[in-house]
Amino acid sequence: MSVDERTTPATAEAEDTIPGQIKLVIGILLVASFVMILNETVMSVAIPRLMEEFSVTAATAQWLTTAFMLTMAVVIPTTGLILTRFSTRSVFLAAMGTFTAGTALAAVAPVFPVLVAARVVQASGTAVMLPLLITTVLTFVPVSRRGRTMGLISIVIAVAPAVGPTFSGFILANLGWRWMFLTVLPIAAIALVVGGSLVKNITTPRAVPVDVLSIVLSAAAFGGLIYGLSSIGEATEGGAAVSPAVPLVIGVLSLAVFTWRQLGLQRKDAALLDLRPFRSRTFTVSLLMMLISMGALFGTLILLPMFLQNVMGLTTLQTGLTLLPGGLTMGLIAPLVGRLFDRVGPRPLVIPGSVVVATALSLMTLVSGASPTWHVVAIHVLLSIGLGFLMTPLMTSALGSVEPALYSHGSAILNTLQQLAGGAGTALFITVMTTRTAAGVADGLGAVEAQAGGIHDAFLCGAALAVVAVAFSFLVRKPATPVHAAAGH
């Protein structure tokens, strides 16, 4: 597509339609992103099988998930720079090609370190794809249709991780663990070939300076925080090789220096991660609420399978099927919520959504080992509905309040902090559960009963956080119609 033929944001907004070429690109990016994000959570159910296959401990096996999250946290902050310097097509080919190569390597991994390396390669591609999708939508979709399009992205962000355990549970019940990758590989390869031929350059790359020190500081900051948070659970069980305090302190100090450097560099438009989106109150409040929601989602994704298997005695396949209705519900309501956002704005959706999330997490504390499975299904569906009413409005409000020139940076901030929120939510839930379980055992409770009490306390803690989100929900506003969005980008 030539520059003269390229559809600009101004043209798209004036016609209030999405050009066919843009629809095609967004569709391909959505499919690719869903397949990639799905892989972030597929390993959790497979860890016991892999421990036996490769003769490794639980702490070592957790690196399959930790390495993925670490890589995402390190790469995502650089995506603002990547999306500015390179064309849409070249970024897509690099990201999809990297993910496909990592998936193929994982499928044939002969030893455990190779499997971990394959997960790192997968994550490197995944980290770039979602910011590319979001930036494309913000740049080329008219404001009046942005909510429903962001609803589709919510399916990728929230539903794919939720469906991951179901997918892996089904594969493990019927096939070997390598089929988790062999099943995804042809889909990734088709997306690479089709996308390579159909995705065109819909943006104009421009040369921007690369600050190597910022990249190093970013890796130390976000990598240290993610690693520290993810190892808290191991430390409470006595399995962490390094005290979580060490990477957490390194992460916090590096983040402080990184922030100071970005504030200086952004005055010259040379920041690796431009922090000016935080000047928008709507961006900051919406982002904060979204992080609380993501923490609750990932914490639930970790604890609920443990409760279903260890306390209620379900198999991995039964656990996956129990969680499936909630994931599907979130996916089904996301487009509806997007349309409602376009019509009524965020507040009428976010307030009841946050109340529903807090209610569902509270109800989780009432479920026991003797409860019928449908109770868990019903509460999980309720939680998914609440999260569904939060994700799309919050993401659209946050990113819709950012100036067009900062879209890629706003997207990078959002996705980076989501990884931190997932790690923090997991660490919080696991720490509360482990501490309470140990106390229960010391008081003479049985192992199952003690763990049930620990999981209940963790959900109660999550409910308390959700109540904080309810208070913040009243501060969320619809971003002002960005007249500047029609300006040249």
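## H5 and H12: opposite directions

Helices H5 and H12 are roughly antiparallel to each other, because their axes cross at roughly 150° and angles over 145 degrees count as roughly antiparallel. This is a predicted model, so treat what follows as a tour of a prediction. The axes of H5 (residues 63–75) and H12 come within 8 Å, and the crossing is right-handed.

Which residues make this contact? On the H5 side they are Trp 63, Thr 66, Met 69, Leu 70, Ala 73 and Val 74. H12 contributes Ser 218, Ala 219, Phe 222, Gly 223, Ile 226, Tyr 227 and Ser 230.

## H12 and H19: side by side

Now follow H12 (residues 212–230) to another partner, H19 (residues 407–442). The two pack at an angle of about 20°, and their axes are 8 Å apart. H12 and H19 are therefore roughly parallel to each other, and H12 passes H19 in a left-handed crossing.

H12 brings Phe 222, Leu 225, Ile 226 and Leu 229 to the contact. From H19 come Thr 416, Gln 419, Leu 420, Gly 423, Ala 424 and Ala 427. Here the residues divide into 7 nonpolar and 3 polar, with no charged ones.

## H19 from end to end

H19 is built from 36 residues. From its first C-alpha to its last it reaches 52 Å, close to the 52 Å expected at 1.5 Å a residue. After this helix comes Gly 444, with a positive phi near 100°.

Helix H16 covers residues 316–344, which is 29 residues. It reaches 41 Å from first C-alpha to last, close to the expected 42 Å.

Where does H16 bend? A kink of about 35° lies at Ala 334, shortly before the proline Pro 335. Just after H16, Gly 345 takes a positive phi of about 85°.

Notes:
Residues are numbered from 1 along each chain as its sequence is written. This is a predicted model: local features need pLDDT of at least 70, side-chain atom pairs count only at pLDDT 80 or more; totals for chains, interfaces and linings use all residues. Side-chain values use heavy atoms; hydrogens and water are left out. Helices (H or I, at least four residues) and strands (E, at least two) are DSSP runs, numbered from the N terminus. The expected span of a helix is 1.5 Å times one less than its number of residues. The bend at a residue is the angle between axes fitted to the seven residues ending there and the seven starting there. Axes are lines fitted to C-alpha atoms, for helices over the stretch in contact, and angles run from 0 to 180 degrees between N-to-C directions. Angles under 35 degrees count as roughly parallel, over 145 as roughly antiparallel, 65 to 115 as roughly perpendicular and the rest as oblique. A crossing is left-handed if the near helix is turned anticlockwise from the far one by less than a right angle, and right-handed if clockwise. Contact means heavy atoms within 4.5 Å. Ala, Val, Leu, Ile, Met, Phe, Trp, Tyr, Cys and Pro count as nonpolar, Asp, Glu, Lys and Arg as charged, and the others, Gly among them, as polar.
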